[in-house]
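Me: I am new to this structure and would be grateful for a guided introduction in the form of questions and answers.

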Amino acid sequence: MQKRLFFPLVFLFIIQWSLQAQRNWEEIAIEPTKITDQVFMLTGSGGNIGVLLGEDGTYIIDDQYAPLSDKILEAIKSLGGDAPTFVLNTHWHGDHTGGNENMAASGATIVAHKNVRERMSTKQDRGNGRTVDPSPESALPVITFEEDLTLYANGEQLLFFHVHEAHTDGDAIVYFTKNNVIHMGDTYFNGRYPYIDLYSGGTVNGIIEAANRVLFLANKDTKIIPGHGALSNKKELTAYRDMIMEVRDRVQQAIDAEMTFEEIQSANLTKNYDDEWTSGFIDGKRIVDIIYTDLTRVEKE
Ligand SMILES: [Zn+2]
């Protein structure tokens, strides 16, 4: 029971979620980016959405927030697609699954890793007394899997595979094998320090391993959709992976040298990375705090 709680990060997370809650949805536009003739990325508010179009129906990866569902359906229609037949959730967070109920009502079957259903269907502890209530039954994935799933549609072979304890304990990555596009969900924040959700089973080593799995599959032409940030590629993902490994190693060396948390923070371990990777959500001090907490926490029995 000696789990070290990570209050500052939790506050940030709450602030981010409450900002989203107060957002004026009217002002948010859903913008499509064409990746190939049949694969698109949609941005609005929340996680990037992947779209696969074709004769067998529309497949989407994640669905942002419920108030945006009509705009998302409009955007898909403008690209020539019908309402989605399948929604694949990359993980349980509300900025990726908020539209599930609406998409299911318009005919979609929701698919995700089993821990997505588990976390969405139970009250979630976010630390410091903060909780997230269960989602309604109609928002839950109805097909779940443990390791991987292959879907065949629209001339595509979609590999939907679990990566262990990365951003959360229920992350899954989608590989559009024919179109050579990979959607990484929040295991990849392009150009930003990663967010590792320690309250949902995320770990720094899992984030690195997820990047390694994708780097193994990708070639120089692969287009990579991050959970947040601009459309990306193998080169940028490599830089992200290398940065995280280096920060992890520096934190581990400091722990091994028996530095206190305060001494580690004073040492400014991310100094050479902060200009490039700091986001409004996670800065150098916070990523060190997250990684330190991850590497030193004592798990419950
Ligand atoms: Zn997330």
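**Strands, core and confidence**

Me: In this predicted model, which residue is the bridge partner of Phe86 in strand 6?
Reply: Strand 5 (residues 84–88) and strand 6 (residues 109–113) run parallel and are joined by three bridges. Within strand 6, the partner of Phe86 is Thr109.

Me: In strand 5, which residue is the bridge partner of Tyr59?
Reply: Strand 4 (residues 58–61) pairs with strand 5 in the parallel sense, over four bridges. In strand 5, the partner of Tyr59 is Phe86.

Me: How many of the residues of strand 5 are buried?
Reply: A residue counts as buried if 20 or more other C-beta atoms lie within 10 Å of its own. Strand 5 is largely enclosed by the rest of the structure, because the buried residues among its five number four.

Me: Which residues does Leu88 touch, not counting residues up to four places away in sequence?
Reply: Leu88 is one of the residues with the most contacts inside the largest nonpolar core. Leaving out residues up to four places away in sequence, Leu88 touches Tyr59, Ile61, Val111, Ala112, Phe160 and Val174.

Me: Is Val214 buried or exposed?
Reply: Val214 has its place in helix 6 (residues 204–217). Residues that Val214 touches, beyond four places away in sequence, include Ile173, Ile182 and Leu237. Val214 has 23 C-beta neighbours inside 10 Å, and therefore counts as buried.

Me: What is the phi of Gln64?
Reply: Gln64 lies in the loop between strand 4 and helix 2 (69–78). Because 27 C-beta neighbours lie inside 10 Å, Gln64 counts as buried. Although Gln64 is not a glycine, its phi is positive, at about 50 degrees.

Me: What is the phi of Glu165?
Reply: Glu165 is found in the loop between strand 11 (156–162) and strand 12 (172–176). With 21 C-beta neighbours inside 10 Å, Glu165 counts as buried. Glu165 is not a glycine, yet it has a positive phi of about 45 degrees.

Me: What is the radius of gyration of the protein?
Reply: The protein contains 10 helices and 14 strands. For 301 residues the globule rule gives 19 Å, and the value for the protein is close to this, so the protein is as compact as a globular protein of that length. The radius of gyration is 19 Å.

Me: Where is confidence lowest in the protein?
Reply: The protein averages a pLDDT of 93, and 92% of the residues score at least 70. Over residues 1–5 the pLDDT is below 50. Where pLDDT is low, the predicted coordinates should not be read in detail. With a mean of 54, the element of lowest confidence is helix 1 (residues 7–22).

Key. Residues are numbered from 1 along each chain as its sequence is written. This is a predicted model: local features need pLDDT of at least 70, side-chain atom pairs count only at pLDDT 80 or more; totals for chains, interfaces and linings use all residues. pLDDT is the predictor's confidence in each residue, from 0 to 100. Helices (H or I, at least four residues) and strands (E, at least two) are DSSP runs, numbered from the N terminus. Two residues are in contact if their C-beta atoms, placed from the backbone, lie within 7 Å. A nonpolar core is a set of buried Ala, Val, Leu, Ile, Met, Phe, Trp, Tyr and Cys residues joined through C-beta atoms within 7 Å. A residue is buried if 20 or more other C-beta atoms lie within 10 Å of its own, exposed if 12 or fewer, and partly exposed in between; C-beta atoms are placed from the backbone. Two strands pair if DSSP finds at least two bridges between them. The radius of gyration is taken over C-alpha atoms; the globule rule is 2.2 Å times the number of residues to the power 0.38.
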